[in-house]
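Colleague: I am new to this structure and would like a short tour. Could you bring it up so that we may go through it together?

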Amino acid sequence: MKTLSSKNIKETIPDILPVIPTMDVVVFPHMIVPLLVLDERIIKGVQQAVEGSKLIMLLASKKQLEDQEMAIGMQDLFTVGTVASIMRLVKIPEGGIKVLVQGLHKAKANELLTHNSILSSRIDVIEHEDTSESPEVVAQIKNIKELTERMDCAGQTFSPDFHTILSKMNDPQKIADFILSHLNLSVQDAQLLLEKETLCEFLETIYLYLSRELEVAEVQERVKTRARESMNKSQKEFYLREQLKAIKKELGEDDIEDMDSIRAKIATLAIPEEALTEINRQINRLERTAADSMEASVTRNYIDWMLALPWGKESVDNLDIKHAKEILDQDHHGLKDIKERILDFISIRKLKQDSHTPILCFFGPPGTGKTSLGQSIAKCLGREYFRVSFGGVKDEAEIRGHRRTYVGAMPGRFIQGFRKVGSCNPVIIIDELDKIGADFRGDPSAALLEVLDPQQNKTFHDNYLGVPFDLSKVIFIATANSLDTISEPLRDRMEIIQLSGYSMEEKIHIARLHLIKKAIKDSGLENHNLLFNDEVLKDLILNYTRESGVRQLERLIRKLCSKAARCFVEEEKVISFATDNLEQLIGPRKFLEDDVNKEHQVGITNGLAWTSYGGEMIRIEAVVMPGKGRLILTGQLGNVMKESAQAALSYARTHAKEFNINAKMFTHYDLHIHVPAGGIPKDGPSAGIAMLSSILSALTQRPINAQFAMTGELNLHGDVMAIGGVKEKILTAKRNRVPHVILPHKNKNDLIGQEEIIKDINVIWVNHANEVLVHVLMPESERGR
């Protein structure tokens, strides 16, 4: 394929040539470029040129020409372009053509012409004097070669063989064309270079562009050097992070905006001075730390936690006593002491806004509503609420948090709760306080001393936060089944309120108001007239449950509702509940009063005991057998209970003559005392009078009146001492249908205000053991009746 020589170019170029506007590219003489043509006006011009001189005029576009129907004028194109010859033309199936062209000579377009839908231009070829041998051109070529060598030393090379080829070239025009082919220029820069009138100006402009490339290369090398110097030899992977940091520093694009947004958020929060100082210190530290480092991640998490806490945000208390009373009565039946305490607090808060916030501890059997009562208190006050369960917790960090030096460190449960509810004065339920543990990681109950002390919790210190946080506005409510496992200092910090078990009447009332309605709704039986009569509820309470609360009763009611739902689905009828069909629906009755002695027998006494799950009936059994005067105790008794048995025996020996007991009974016979259910540990002093009754019955062979149940501690003089759990023990006796209960007279004040508990049962208050024996020791002739 022949190309035109420089001598006859001007003679062979017509005055009018078809025009191809080029997008994003400027074609220079001697440059071979492929072009994609889609405009029909341009395609027709190219086809005309192929049939004729095979020459076209290439003009760079000043802007993107997207609409093919838009008229193209001189204002849209640069006037100086390149005359090019068409080397190859390929039609595209989708429409348009691909043209391979070679630039020949610079030319200037004087005007654009449109004839027969062909875009063409009247042109003038631009001639240049041959100055390739001039000293200026030689000097420019020398400067350009030296500059490319410097670029190579700076690590900026265009191609592997660039300098080898350049060193063998001598023609200035070819050197300029070779370097030009390796430069990545914008359309404006390339057009400016094309419009240079002399070879010397052309080379000078190329030199300027190369100088700019060299400056960029030196900046890059400077960035790399700075990053390399700050890199630790043992952390090569840190190189990329430091390089990024150096680049940002060179460009002035650091994380300034992010830090500004954090500081703007801080300005909107009511953060105490000490905490604010610590946050600002951590922000300054974060600014000096690499963004992708582990330390930056830890610091950022800390700042996020500090900003997420509800500094100064408080719920407004609802101080309407009538509203509070309605909520408490609606959610819970009974519980008079607790309701009175909450109403007292609301009254004081209404008179004095900064009054002392109570720290309460509800203790009592399971299922009596301790935890749900905390929710009702929060509801009536209009405060936020969250619960923290400490059952089985052994790590002090659950309360005080972990230090930030540990991987995965977090604040304690209290701080996490504050972030969750978004308030500084919520109601916090500390559930299962009596089941908290301790091990080598610390004692959580000791850490709670600070939380529950009104004088200390104003400046509660969480190890993760490292600054004080005010807990004094929180209403803390702890729940426990027993106080025995709670340390004395911790008990001293709380106002303890006991929740006793419910009587049968109270359980029926709770079932009517709450349990039945909820079970029917959850079973989808609201409109099916499902009825529970009192006889059914009594049967469930007495023969299917043994509890102080109502959880098991709720399960049984739900089970009956599920049976009713199934019957309705299968047979399309509503089942009716009666005592006759309970066994068919939920199984046989579980408690048939087997553990209660109903016959008058020698040596068997009905005792009353208290456990963390409520009151229980226990049988104290005693027998006499030939031996050496030993006291045998079985039934897994604790030390206190063993000592009570020994004290009762000592009293019996001291007063043997009063009961006509032969002295040889204490030396030639052994006395065996047994408490059934030997797999269950038993302890406590309250079985003293029951043990004395069984011992004297066994020694005198006089039966014990089975219509009595008793409890009371006994001393060596026969005085009956006060005991605990009076309400639970009375309820247990009523539940087991024992008509008479013997209690210490010193416990009589425990039932003030709760007189309804002793309804339908005869309570006998005693001061001395003789008063007990008068009622329970029967004549020998009454045995077995």
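Colleague: Thank you. What do the buried residues of helix 12 pack against?

Modeller: They pack against helix 13 (336-351) and helix 14 (370-381). A contact here means heavy atoms within 4.5 Å, and helices (H or I, at least four residues) and strands (E, at least two) are DSSP runs numbered from the N terminus. Please note that this is a predicted model, in which local features need pLDDT of at least 70 and side-chain atom pairs count only at pLDDT 80 or more, while totals for chains, interfaces and linings use all residues. Residues are numbered from 1 along each chain as its sequence is written, and side-chain values use heavy atoms, with hydrogens and water left out.

Colleague: Which residues of helix 12 are buried?

Modeller: In helix 12 (residues 321-331), the buried residues include Ala324, Ile327 and Leu328. They cover an arc of only 95 degrees around the axis, so they sit on the same side of helix 12; the arc is taken from the directions from the helix axis to the C-beta atoms. Buried means under 20% relative accessible area, exposed over 50%, and partly exposed in between (1.4 Å probe, protein chains only).

Colleague: And which exposed residues are on the face turned away from that buried side?

Modeller: Lys322 and Gln330 are the exposed residues carried there by helix 12.

Colleague: Let us step back. How many helices and strands does the protein chain have?

Modeller: The protein chain has 26 helices and 24 strands. Of its 785 residues, 47% are buried. Among contacts with a separation of 6 or more, 73% are between residues 24 or more positions apart.

Colleague: How many salt bridges are there?

Modeller: The structure holds 27, a salt bridge being a side-chain nitrogen of Lys or Arg within 4 Å of a carboxyl oxygen of Asp or Glu. One of them joins Glu450 to Arg400, with the closest N and O atoms 3.6 Å apart. Glu450 lies in helix 17 (residues 444-451) and Arg400 in helix 15 (residues 397-400), so the pair ties together parts that are 50 residues apart in sequence.

Colleague: Is Glu450 buried or exposed?

Modeller: Glu450 counts as buried, because its relative accessibility is 12%.

Colleague: What about Arg558, which residue does it pair with?

Modeller: Arg558 forms a salt bridge with Asp522, the closest N and O atoms being 2.9 Å apart. This pair links distant parts of the chain, with Arg558 in helix 21 and Asp522 in helix 19 (residues 504-522), 36 residues apart. Arg558 is partly exposed at 30% relative accessibility, and Asp522 is partly exposed at 47%.

Colleague: Which residues are linked in a network of salt bridges?

Modeller: Glu278, Arg281 and Arg404 are linked in such a network.

Colleague: Changing topic, which residues make the nonpolar surface patch of about 260 Å²?

Modeller: That patch is made by Phe568, Val569 and Val574. Patches consist of residues with over 30% relative accessible area and no salt bridge, like charges being joined within 9 Å and nonpolar side chains (Val, Leu, Ile, Met, Phe, Trp, Tyr) within 5 Å; accessible areas come from the Shrake-Rupley method with a 1.4 Å probe, and for residues only the protein chains shown count as cover.

Colleague: Where does Phe568 lie?

Modeller: Phe568 lies in helix 21 (residues 551-571), and at 31% relative accessibility it counts as partly exposed.

Colleague: Last one: how many disulfides does the structure hold?

Modeller: It holds 0 disulfides, a disulfide being a pair of cysteine sulfur atoms within 2.5 Å. As for individual cysteines, Cys200 is partly exposed at 22% relative accessibility, whereas Cys424 is buried at 10%.
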